[in-house]
Amino acid sequence: MKPEPQPKEDDKYETKGKLLNRIWPLGLASRFILMLSLVILTSQALTSAVWYRYSYMQEKEGLENALESIASNAAFTVSYYRKLPKSSRHLVLEQNRSMGGTRFFISLNSKRIDARGLAASERKQELEQTVSEVLKRTLGQQIPIDINFSKRDDLRVYDAEVPLDDIPRAFARYTIEKVKDDPPVLVMQFKLPNEQSAPDAPEQWLYLATNLPAPYVSLESRFLDARQLNFILLTSVFVLLCTWLIVRREIKPIKNLARAAKLMGSKMDAPIIKEEGSGELIAAVHAFNTMNRRIRAYIRDRDLLFGAISHDLKTPIACLKLRTEMLDDEETKIRFERSLNELEFMVQGALHYIKDTDIREQVEWVNINAVLEEISAFYGSGESQVSVLGSASQSFLCKPVAIKRMLHNLIENGVKYGGHVDVSVLDTPRNLVIKIRDQGPGIPDELRERVFEPYFRIHQEKEEGTGLGLSIVRNIVRGHAGKLVLQNHADGGLVVTLSLPREE
């Protein structure tokens with residue numbers, strides 16, 4: 001018999017659970033820090049977006065005002081040059097160079113110099129439109145004007161189109177000052193009119209160039225600069241560090257509570273926890289301590305009760321048996337002996353029931369394969385009555401005596417009612433699944449739950465035993481947070497499925 005595969009739904013659930021655990025941490029502190037990080041990042045992004053919008057509008061307004069001022073001065077200069085005779089313009093040019101210093105570059109050229117401008121953008125187009133409107137409003141629509149924004153390295157000057165930085169040092173005072181952030185350069189070229197007496201004379205262009213004024217180092221506003229990013233990073237790290245320290249301190253009572261609950265579930269010997277932390281935690285810890293005290297009192301009373309049963313009932317039963325032997329009526333004597341034997345058997349069964357499901361047993365790592373092999377060998381005289389397929393990949397953390405008793409009870413019932421038992425083992429990272437199938441008559445559907453009741457037997461007059469075997473088994477399975485399912489096989493016999501979760 002091949003081991004049956006685990007249901008596909010369990011596989012999907014297991015895969016989904018593993019994936020979720022990898023993506024989403026399990027610890028309360030980790031989850032809180034992750035959620036807080038998301039909140040901080042979201043708030044920083046929203047704040048930065050609002051700040052960027054406000055800063056963008058302010059910077060745009062300031063840059064437009066600065067360019068309007070530059071354009072007004074340029075328009076005044078061009079108006080002055082338009083009124084001068086062509087022969088006098090070079091003389092005035094030297095005066096302008098001396099007055100402008102290194103803030104402006106100005107020259108008279110015989111043609112328009114092509115300038116490789118910055119990449120086209122909406123912001124660049126808006127600023128060029130602003131400068132153009134000021135110039136045309138002052139100079140009129142007739143004069144040809146060329147406006148562009150360029151980088152210093154791409155700037156060409158004079159008719160020979162010489163790179164600006166290649167101008168000889170003797171003319172260094174005629175060039176634009178080279179500043180640290182290398183801002184864009186506004187280039188304006190105006191075609192000057194010829195004199196009426198010489199309308200066919202060669203054309204002349206006035207070339208003006210200047211850096212964008214401080215603090216404007218770019219046409220485009222950057223969302224966040226390095227200084228702002230460093231500030232956001234430092235504040236976020238500081239907030240997360242403080243939060244981690246606070247959360248670590250606050251979840252300490254929760255860890256103590258979880259540790260005590262685990263001890264309560266496995267050993268029934270949890271310590272009384274110090275009631276500290278928030279109000280909700282204090283209430284939870286107080287409730288746990290109250291439950292812990294009640295369970296301890298219950299276990300103590302139970303031990304006293306069954307100790308009394310073991311001691312106080314056995315003596316009267318022994319006395320009654322002795323008195324029965326003295327009866328003269330043989331029929332009455334036999335009837336009393338049968339009743340006393342049944343009473344003694346029930347008392348022993350009840351004591352074994354408590355002993356075999358003792359919740360105080362310590363958990364240990366148990367080799368399930370060795371346990372099954374031992375039970376199989378017990379029923380191996382002559383033809384083997386138990387066959388085992390599959391194996392557990394690793395040891396199982398459980399109460400060893402209880403687990404052995406549980407498996408022995410189930411296999412013993414299978415052998416008793418079916419003659420032969422097939423055991424299959426399927427081990428997964430989440431569960432240890434053991435299926436036990438016998439070749440017996442099975443259990444009627446309407447009695448499938450009642451067989452777990454203490455002292456219940458399907459055929460009272462034919463079966464031996466106390467009727468506590470399956471009750472013991474189910475209590476042990478529940479004590480290990482497992483599941484026990486009974487099903488009739490389609491080909492006959494009963495299939496008992498044990499599913500025991502592994503400790504995570």
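## Model confidence

The mean pLDDT of the chain is 77, and 80% of the residues reach at least 70. Residues 1-14 form a stretch in which pLDDT stays under 50, and the model gives this stretch 19 contacts beyond four places in sequence. Where pLDDT is low, the predicted coordinates should not be read in detail.

## Overall make-up

The chain contains 11 helices and 13 strands. Of its 504 residues, 36% are buried. Among contacts with a separation of 6 or more, 70% join residues 24 or more positions apart.

The accessible surface of the chain amounts to about 30800 Å², and carbon and sulfur atoms account for 56% of that area.

## The largest nonpolar core

The largest nonpolar core comprises 38 residues, and Ile-368, Met-406, Leu-407 and Ile-411 have the most contacts inside it. Helices H9 (368-378), H10 (400-418) and H11 (469-479) each give two or more residues to this core, as do strands S9 (396-398), S10 (421-427), S11 (431-438), S12 (483-488) and S13 (494-501). The greatest contribution comes from H10, with 7 residues.

Leu-407 illustrates the packing here. Beyond its neighbours within four places in sequence, Leu-407 is in contact with Val-371, Leu-372, Ile-375, Ile-434 and Leu-498.

Terms used. Residues are numbered from 1 along each chain as its sequence is written. This is a predicted model: local features need pLDDT of at least 70, side-chain atom pairs count only at pLDDT 80 or more; totals for chains, interfaces and linings use all residues. Side-chain values use heavy atoms; hydrogens and water are left out. pLDDT is the predictor's confidence in each residue, from 0 to 100. Contact means heavy atoms within 4.5 Å. Helices (H or I, at least four residues) and strands (E, at least two) are DSSP runs, numbered from the N terminus. Buried means under 20% relative accessible area, exposed over 50%, partly exposed in between (1.4 Å probe, protein chains only). Accessible areas come from the Shrake-Rupley method with a 1.4 Å probe; for residues, only the protein chains shown count as cover. A nonpolar core is a set of buried Ala, Val, Leu, Ile, Met, Phe, Trp, Tyr and Cys residues joined through side-chain atoms within 4.5 Å.
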